[in-house]
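I set out to record, entry by entry, what I looked up in this structure. The notes follow the order in which I consulted it.

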Amino acid sequence: MDAEEHYLILRTQFEGVPEQEMIEVTMEQVTELLDCSRRNAQLVLNKLTESGYLTWIPGRGRGKVSRMSFHISISDLLAAKAKQLVENEQLNEAWRLIDSSGTQRMKDDFTDWLERQLGILRTDEEEREVLRFPFYRPVPHLDPAWVQRRTESHWVRQIFDTLLIFDPEEKRILPGLAHHWEWDESSSRWRFYLRKGVRFHHGQEMTAQDVKFTFERMSGRTSSEWIFSLIKAIETPGRYCIDFYFAQPNAVFPAFLCTDRCSIVPENLGGPDKAACFPALPIGTGPFRMIKNNESLLVLEANDLYFEGRPHLDRIEMWVWPDYEGQPGSHRTGRDMQLLYSDASRESTSEPSLSQLENGSTYLTFNLSKAGIQQNILFRQAIDMGLDRERMIKELGGLRQCASEGFVLSGAQQDDTASFDLDEAKKRIQASEYGGQSLNLYTYEWLENEKTAAWISRRCKEMGVQLNVVKLPIEHLADPQVLAQADLVMAGEVLGEQADLTLLELYQSRFSFLRNHLSPELTAYVDDKLTVCMGEPSSDERMKLLMDIQEKLKSSSNVIFLYHSLQKAQHHPMLEGMALNAWGKIDYKHIWVKHVEEV
């Protein structure tokens, strides 16, 4: 127990005594409060006196009473302790201390102080520029083979590189770690020539062996295992040359190589001493290298040897700030919040902001691979009709922006969004012979998801349907055995820069919320379409086939689309190179700091 904790015990016992006021106290009282021997109590008092926390005047002689005065209030002590923890990069401990012991005023003051620590820090000596911003949760799982959320995918992009790169502006594939590639007439053999001299963050040069290891390790364990299972063989005819052989034509492969899932990792994940901690402290070739990643903060530093050119920023710090949008200080104007990811519910400020409607949708699936009332199409149609999307958006607000008719954003611009008819919904519920049994609606843990799921449960109750909401970590929910137990799943899908590849994985992966809830007939239909997709070199033609799948799922009421979300980021005017990517995040390698002349 440190000095602050000892002082807090004594100060709490005499909380009503003003600072600097002398009180009488016996050594017996002190030893009882500190739960220690008389000798140790004396040592503690001496230490607290030397530290300036209190004044202790011992009574001289038998029966004499000692005197004591306190110099620091409980609130000041807790605040100082919390600030010290933050300075020691122990944000999680600081939050626990403030939440468990602090008053609301103390929490507000701590929030104000913490906000002032965020933004751009520039050192005078080396002119190092550090971007420090808040985020509501840690991100300990950054192995590109298994990322499942947009935030993790975004961080993977800062740390790793892929063989090829998709240019979203020009809609074409460009060289990445591979400077050239070629294929045979059947598109079943692909050869890639690697750049020389590209080094991983731990110093090892990237070679064809690393590429081979990257793809071989992913078979059977990732959301994209379906495409890896199509690879018949991988050969390395040279140190900087690699061949992929497929059992059938695969025109999609170059586009797929641009995705974060195909980020190249070092052979054996950098060695036995690094493999165990690789998900939290990954090693890539990307513009930033990982320095620290724990429950309090994530730290990246610029890769000075990056083959595409060193980033402008020297360091990025993501401070874990639980529920930062719910904190009072985060809604005030005039703060130098140089980068703040937020939802649409935030108050407007003087800071510039970027926003875009998300290409993707929140949706509901019915489990058609499980027996139950959800097998009845009248029941599924009733739920669709009974959920008033416009009312949902109005009542819940936040990031929910407009009703959706599908995954692709163009659906939001149509006027034929699902019509709401509660009376007709009740009639179809009755016609389905629903018996009042409770159904389990699964979703993954995230505040906005939980709000939506609770709203759906309340609306279904108005229709006479009982829904029990089950919240799980997203890693657990992706388990096929867990998905098999759900009657419904509520989730969201954000389409990446190559929307067709996101949908291919959504419809194909055995970890997909949607695929696990298809009926055998729908599964066969989807697989036939996907087989054609894999041999189609045109992304536009692939999207047409994928839209056929979407319409089939909608017509069977297997999937109910709910809403499109708004992506938003607030930033300071001194930050340049700011642009939202498909995940609503900023690619940090493009950010630079503009010097503002002082008036």
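Before turning to helix packing, I noted that axes are lines fitted to C-alpha atoms, for helices over the stretch in contact, and that angles run from 0 to 180 degrees between N-to-C directions. I also noted that helices (H or I, at least four residues) and strands (E, at least two) are DSSP runs, numbered from the N terminus.

The model is predicted: local features need pLDDT of at least 70, side-chain atom pairs count only at pLDDT 80 or more, and totals for chains, interfaces and linings use all residues. Residues are numbered from 1 along each chain as its sequence is written, and side-chain values use heavy atoms, with hydrogens and water left out.

**Entry: a helix pair**

I looked up helix α1 (residues 3–13) and helix α4 (residues 74–87), which pack at an angle of about 160° with their axes 10 Å apart. The two are therefore roughly antiparallel to each other, a term for angles over 145 degrees. I recorded the crossing of α1 past α4 as left-handed, meaning that the near helix is turned anticlockwise from the far one by less than a right angle. On the α1 side, the contact (heavy atoms within 4.5 Å) is made by Glu4, Tyr7, Leu8, Arg11 and Thr12. On the α4 side, Ile74, Leu77, Leu78, Lys81 and Gln84 make the contact.

**Entry: a three-stranded sheet**

I next found an open sheet of three strands in the order β1-β3-β2, with antiparallel pairing; two strands pair if DSSP finds at least two bridges between them. Its edge strands, β1 (23–25) and β2 (54–57), each pair on one side only. From one strand to the next, the twist averages 30°. I counted four bridges between β2 and the antiparallel strand β3 (residues 66–70), where Ser69 of β3 is the bridge partner of Thr55. Helix α3 (residues 38–50) lies across β2 and β3 and runs at about 130° to β2.

Seven bridges join β19 to the parallel strand β20 (residues 466–472). The chain crosses from β19 through helix α15 (residues 447–462) to β20 in a right-handed β-α-β crossover: with the strands pointing away from the viewer, the path from the first strand over the helix to the second runs clockwise. Within this pairing, Thr443 stands opposite Lys471 in β20.

Val489 in β21 is the bridge partner of Tyr442.

Technical notes
Parallel < 35°, antiparallel > 145°, perpendicular 65-115°, else oblique.
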